[in-house]
Amino acid sequence: MSTFVAEIIGTAILILLGDGVVAGVSLNKSKAKDSGWIVITFAWGLAVSMGVFASGEVSGAHLNPAVTVGLASIGKFPWAEVPMYIFAQLIGAFIGAVLVWLTYLPHWKETESQESKLAVFCTAPAIRDYGKNMLTEIIGTFMLVFGILFIGTNNLQNGVSALSVGLLVFVIGMSLGGPTGYAINPARDLGPRIAHAILPIHGKGKSDWKYSWVPVIGPIIGGIIGAFTFNLIF
């Protein structure tokens with residue numbers, strides 16, 4: 001398996017399980033309806049771990065352009081491979097979102113809220129203020145990339161490392177995710193947002209493109225700052 005395919009598969013698993021839990025909690029007549037924020041954040045953490053397990057040995061399981069760019073910015077990943085990794089991550093995220101749509105196919109018609117349907121695919125702020133929303137994404141992604149790198153300084157087995165990264169995402173969601181829904185990953189937000197725009201989802205509204213740049217630019221900035229901070233300290 002090539003690194004390109006590995007990043008597609010790992011990111012698709014991440015989105016299938018991550019967007020899947022949001023669908024389960026948000027869509028009407030789902031058995032998981034209204035399970036709450038803890039369920040969502042815990043499942044997203046496990047989704048990250050599963051994506052890492054699937055692709056880590058082949059591609060390093062970036063699964064996130066902010067991670068890829070952050071690593072490249074401090075010389076831990078070749079810039080020449082950055083476009084290919086990001087393209088694979090976007091493809092994987094789109095595929096994962098399509099699979100979530102298919103999984104919950106009868107539930108879209110049963111759900112009136114356009115906001116709930118969009119939330120399955122991408123993030124939206126609790127209080128819309130683009131500058132402050134971007135700051136939240138910068139801080140969250142800083143913690144993600146900084147955390148991934150300092151986890152790597154410990155002498156852990158591969159499986160423990162994958163679970164540790166999942167726990168990191170879980171605690172970021174619990175602690176820092178409230179203001180924006182913690183995209184902390186441009187592919188995680190943009191790929192499924194494109195899917196929302198394209199798919200024939202019953203009763204869907206607009207895809208909120210006015211906000212879409214925040215969960216792309218914010219995480220990239222945060223990832224670079226997190227990587228440079230790690231280099232400075234460690």
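Biologist: Where does aspartate 208 lie?
Modeller: Aspartate 208 lies in the loop between H9 and helix H10 (214–233). Helices are DSSP runs of H or I with at least four residues, strands are runs of E with at least two, and both are numbered from the N terminus.

Biologist: And what am I looking at overall?
Modeller: This is a predicted model, so local features need pLDDT of at least 70 and side-chain atom pairs count only at pLDDT 80 or more, while totals for chains, interfaces and linings use all residues. Residues are numbered from 1 along each chain as its sequence is written, and side-chain values use heavy atoms, with hydrogens and water left out.

Biologist: OK, back to aspartate 208. Is aspartate 208 buried or exposed?
Modeller: Aspartate 208 is buried, with a relative accessible area of 16%. Buried means under 20% relative accessible area, exposed means over 50%, and partly exposed is in between (1.4 Å probe, protein chains only).

Biologist: What's phi doing at aspartate 208?
Modeller: Phi is positive there, about 55 degrees, although aspartate 208 is not a glycine. Most residues other than glycine have a negative phi.

Biologist: What does serine 55 touch?
Modeller: Leaving out residues up to four places away in sequence, serine 55 touches Ala6, Gly10, Gly60, Ala61 and Leu63. Contact means heavy atoms within 4.5 Å. Serine 55 lies in helix H2 (residues 37–59) and counts as buried, at 1% relative accessibility.

Biologist: How many residues of H3 are buried?
Modeller: 9 of the 9, so H3 is largely enclosed by the rest of the structure. Among them are Pro65, Thr68 and Ser73.

Biologist: What do those buried residues pack against?
Modeller: They pack against helix H4 (82–103), helix H7 (130–151), H9 and H10.

Biologist: Since H9 came up, what about isoleucine 194 in that helix?
Modeller: Isoleucine 194 lies in helix H9 (residues 186–198). At 32% relative accessibility, isoleucine 194 counts as partly exposed. Not counting residues up to four places away in sequence, isoleucine 194 touches Phe94 and Trp209.

Biologist: Switching to H1: how many of its residues are buried?
Modeller: H1 is mostly covered, with 17 of its 24 residues buried.

Biologist: Zooming out, how many helices and strands does the protein chain have?
Modeller: The protein chain has 10 helices and 0 strands.

Biologist: What's the radius of gyration?
Modeller: The protein chain has 17 Å, which agrees with the value near 17 Å that a compact globule of 234 residues would have. The radius is taken over C-alpha atoms, and the globule rule is 2.2 Å times the number of residues to the power 0.38. The C-alpha atoms fill a box of roughly 50 × 40 × 30 Å, taken along the principal axes.

Biologist: Last one: what share of the protein chain's residues count as buried?
Modeller: Of the 234 residues, 51% count as buried.
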